[in-house]
Amino acid sequence: MDGLRERKKHETRIALSWAAIRLTVERGYDNVRIEDIAAEAGVSTRTFSNYFGSKGEAIVARHHDRARAIAAALRERPAGEPIWEAVTQAALAGYALGEPVPTGQAADQSWLEGLRLMVAEPALQGEFQKAGAAAEAEFAAAVAERTGTDPVTDVYPRLVAAVVGAALNTVTQQWLVGEPSRSLEDLLRDVFGRLAAGLPEPR
């Protein structure tokens, strides 16, 4: 019973976050109320408040979920696997949570433009920064476990975590401004492949 209850709570959290993203992309941040998000997800505003303190938290929640998924996937990678191959595969597993597009639809230009505006929304920058810091902490802990280092006192896990965070941000930004036909998976492989190769200069 507890497992079923936890799964239901997880599903509700995801539904609320996707509803917040979808409505913000379609209408603009200032034109979305908590009541709208709750109605879109089929729950009450009281239920929304049980999960999130603001619409900004709901929007950014998928970033938190993805970071946790990537860190968890990294912990499951084979011990002898090179670090950047392990990180690449973990990132691919994390992004299997889905691209930020409506289910069953392609990312058309109007949707991408709405996503760009959402990501650039000044009112959300604090939430994105908090999510980024939390993600780096998740990554650093996973890298430290893998390499036998300390995520607080050793440089290596924190440096790798910072690079991973920057790489994931680059993937997202490039996906938003690049060729519409290029998938997040292609971009992830490209970006992490460059890191694994030592980030050589373009030729």
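Are W84 and F192 buried or exposed? Both W84 and F192 are buried. The model discussed here is predicted.

## Aromatic pairs

Two aromatic pairs turn up when the whole structure is searched. In one of them, the ring centres of F48 and F52 are 5.8 Å apart and the planes make an angle of 50°, so the pair is classed as tilted. F48 is buried at a relative accessible area of 0%, and F52 is buried at 5%.

The rings of W84 and F192 have centres 6.4 Å apart and planes at 35°, so this pair is tilted.

## Charges over rings

The charged end of K55 sits over the ring of Y29, at 4.0 Å from the ring centre. For R66, the charged end sits over the ring of Y95, at 4.2 Å from the centre.

## Salt bridges

The salt bridge count is 13. One of these joins R22 to E40, with the closest N and O atoms 3.2 Å apart. R22 is in helix α1 (residues 2-27) and E40 is in helix α2 (residues 34-41), so the bridge ties together parts 18 residues apart in sequence. R22 is partly exposed at 25% relative accessibility, and E40 is partly exposed at 38%.

R33 and D36 also meet through their side chains in a salt bridge, with an N to O distance of 3.0 Å. D36 is buried, its relative accessible area being 15%.

Another salt bridge pairs E185 with R189 at 3.4 Å, N to O. Both residues lie in helix α9, four residues apart, which is about one turn of the helix. E185 has a relative accessible area of 43% and is partly exposed; R189, at 40%, is partly exposed.

## The annotated region and A61

An unreviewed UniProt entry places the feature "DNA-binding region" at residues 33-52. In the model this span is 75% helix and 0% strand, and its end C-alpha atoms lie 13 Å apart.

A61 lies in helix α4 (residues 55-76) and is buried, with a relative accessible area of 0%. Apart from neighbours within four places in sequence, A61 is in contact with R13, S17 and F52. A61 and A140 are 79 residues apart in sequence, and their C-alpha atoms are 20 Å apart in space.

How values were computed: Residues numbered from 1 in each chain as written. Predicted model: local features only at pLDDT ≥ 70, side-chain atom pairs only at ≥ 80, totals over all residues. Heavy atoms only, no water. Phe/Tyr/Trp six-rings, centres within 6.5 Å; stacked < 30°, edge-to-face > 60°. Buried < 20%, exposed > 50% of the residue type's maximum accessible area, 1.4 Å probe, protein only. Lys NZ or Arg CZ within 6 Å of the ring centre and 35° of its normal. UniProt positions renumbered as here; feature names shortened; annotations may be inferred. Helix = DSSP H or I, 4+ residues; strand = E, 2+ residues; numbered from the N terminus. Contact = heavy atoms within 4.5 Å. Salt bridge = Lys/Arg side-chain N within 4 Å of Asp/Glu carboxyl O.
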